[in-house]
Amino acid sequence: MSFHGQKIIPAIRSMKDFEKMLDTPYTYGVFLDMHIGMLKSVFGHAKQHGKKMFCHVDLIQGLSNDEAAAEYICQEIKPYGLISTKGSVIMKARQKGVYATQRAFIIDTHALERSIKLIEKTNPHYIEVLPGVIPKIIKEIHERTGKPIFAGGLIDHAEEVEEALQAGASAITTSNLDLWNKYRDWN
């Protein structure tokens, strides 16, 4: 599987990483760990280069990760999509016509069941499963929800990328530059 032809979705943790992403054929990416004051200019720069970026709302410094923050980002920044663990953020993104990705940390069976219930309630476009190195969980969530899955967290090797994709992930979110480079021509 792939996400619009991409097996890897670059996760950007710094401006240096963003500049590296601009020099790749990747269209889709996700901004992590960003300061509120940089949102408008960075997203504008991405759009100028034809990049469609998700914004991880929970990791924006200086902005709460609530419904009001999601509304502000959707209206003022206009990202391709939002990522959050918060159901209210996901529902606001959908309401505003922005692609919504529900992030789910699966640490045990209870977390899996809570995540499935939240996904049923919020109806996100996509689900990001963390850690992404558990193919069994990727497969189960994909089968139970029917939603495209992004696998993220702790994926360090091409074999782990392939296992996650074979389990049903549409793409891998990663800040690992070696994986960006390895898959850049396979997208």
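Tutor: Happy to. This is a predicted model, in which local features need pLDDT of at least 70 and side-chain atom pairs count only at pLDDT 80 or more, while totals for chains, interfaces and linings use all residues. Residues are numbered from 1 along each chain as its sequence is written, and side-chain values use heavy atoms, with hydrogens and water left out.

N123 is partly exposed, at a relative accessible area of 33%; buried means under 20%, exposed over 50%, and partly exposed lies in between (1.4 Å probe, protein chains only). N123 sits in the loop that leads from α5 (109–122) to β8. Helices (H or I, at least four residues) and strands (E, at least two) are DSSP runs, numbered from the N terminus. Although N123 is not a glycine, its phi is positive, about 50 degrees. Most residues other than glycine have a negative phi, and most peptide bonds are trans.

D33 also has a positive phi without being a glycine, with a value near 45 degrees. D33 lies in the loop between β2 (28–31) and β3 (34–35), and it is partly exposed, with a relative accessible area of 31%.

Now follow the chain into β8. In the loop between β8 and α6 you reach P131, and the peptide bond from L130 to P131 is cis, with omega near -5 degrees.

Strand β8 belongs to a closed barrel of 8 strands, β1-β2-β4-β6-β7-β8-β9-β10, with parallel pairing; two strands pair if DSSP finds at least two bridges between them. From one strand to the next the twist averages 25 degrees. Between β1 (residues 8–12) and β10, which run parallel, there are 3 bridges, and I9 stands opposite T173 in β10. On the sheet packs helix α6 (residues 135–145), touching β8 (126–130), β9 (149–152) and β10 (contact means heavy atoms within 4.5 Å). The direction of α6 makes about 155 degrees with that of β8; axes are lines fitted to C-alpha atoms, for helices over the stretch in contact, and angles run from 0 to 180 degrees between N-to-C directions.

G168 is buried, at 7% relative accessible area.

Let me turn to a pair of helices. Two packed helices are described by the angle between their axes and the distance between the axes. For α3 (residues 67–77) and α4 (residues 87–95), the angle is about 30 degrees and the axes are 8 Å apart. That makes α3 roughly parallel to α4, since angles under 35 degrees count as roughly parallel, over 145 as roughly antiparallel, 65 to 115 as roughly perpendicular and the rest as oblique. Where they meet, E67, A70, E71 and C74 in α3 touch S88, V89, K92 and A93 in α4.

C74 brings us to the cysteines. The whole structure holds 0 disulfides, a disulfide being a pair of cysteine sulfur atoms within 2.5 Å. The sulfur of C74 is 9.1 Å from the closest cysteine sulfur, in C55, too far for a bond. Both residues are buried, C55 with a relative accessible area of 1% and C74 at 7%.
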